[in-house]
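User: Here is a model whose pockets I would like to go through with you. Please take the questions one at a time.

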Amino acid sequence: MADELILYTNPMSRGRIARWMLEEVGEPYRAEVLDYATSMKAPAYLAINPMGKVPALRHGDVVVTETAAICAYLADAFPQAKLAPPPGDRRRGPYYRWLFFTAGPVEAAISNKALGFVVPQERERMIGYGRIEHVMNALETALSRSDYLAGNDFTAADLYVGHALGFGMMFGTIEKRPAFERYWQRVSARPACKRAKELDDALAPRPQASG
Ligand SMILES: N[C@@H](CCC(=O)N[C@@H](CS)C(=O)NCC(=O)O)C(=O)O
């Protein structure tokens, strides 16, 4: 019997990215929805992710945390889904490059922006992303060259980068640039992205009616 896939998630979290990836992979999985204040900090879940954060993925006896790592792991564990260039393929270079660039510099730059933290110019050298404009320019240059980041086909890197751009633009932490908008439209039109969104939206708390 195949090892069970379990996604530990919350519909209002980066778990949405991991769910999209699972929908792309197309293998059966079970989602365990955790509550921020209670089950996410309970000993049973801390034994899976001591950070008390979601998402986490269990695949048989393997646990993976960190959204980008979950995407990369699933792409390799299920190569038939063709969501990564095969190991040894040169396209693996840009594939890793943009996955790590987004999990590191992009994530740090937009988190700091959301918190209103501006890196003093004389300290940019010691900050991995330097300046947010440089991060965005690098992404824009890459996305202006081709439809996808690692060759001619969609990969897990596009899923992860696309989601960061789409949500960043929605929440105002990433400026809307035409190349970003075109790219997000392209990747979010994928049926797996729509399915994942529907599943998570159905689990998300509904706004309370007032009056
Ligand atoms: N670096 C982690 C970040 C995970 C993370 O911060 N998740 C948030 C939700 S998007 C969380 O679980 N927060 C709960 C908490 O910190 O209490 C990743 O990329 O997966």
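User: What volume does the second largest pocket have?
Analyst: This is a predicted model, in which local features need pLDDT of at least 70 and side-chain atom pairs count only at pLDDT 80 or more, while totals for chains, interfaces and linings use all residues. Residues are numbered from 1 along each chain as its sequence is written, and side-chain values use heavy atoms, with hydrogens and water left out. A pocket here is an open set of points on a 1 Å grid over the protein atoms alone, where a 1.4 Å probe fits, with protein on both sides within 12 Å along at least five of seven lines. Taking volume as the space filled by probe spheres set on the points, which are joined across faces, edges and corners, the second largest pocket has about 260 Å³.

User: Which residues lie closest to the centre of the second largest pocket?
Analyst: Lining residues have an atom within 4 Å of a point, and 14 residues line this pocket. The closest to its centre are R16, F167, W184, C193 and K197.

User: Which helix gives the largest share of the lining of the second largest pocket?
Analyst: Helices are DSSP runs (H or I, at least four residues), numbered from the N terminus. Helix 1, helix 6, helix 7 (178-188) and helix 8 (191-203) each give two or more residues to this lining. The largest share, six residues, comes from helix 8.

User: What is the volume of the largest pocket?
Analyst: The largest pocket is lined by 32 residues, with S13, R14, I17, T67 and E107 nearest its centre. Its space comes to about 1000 Å³.
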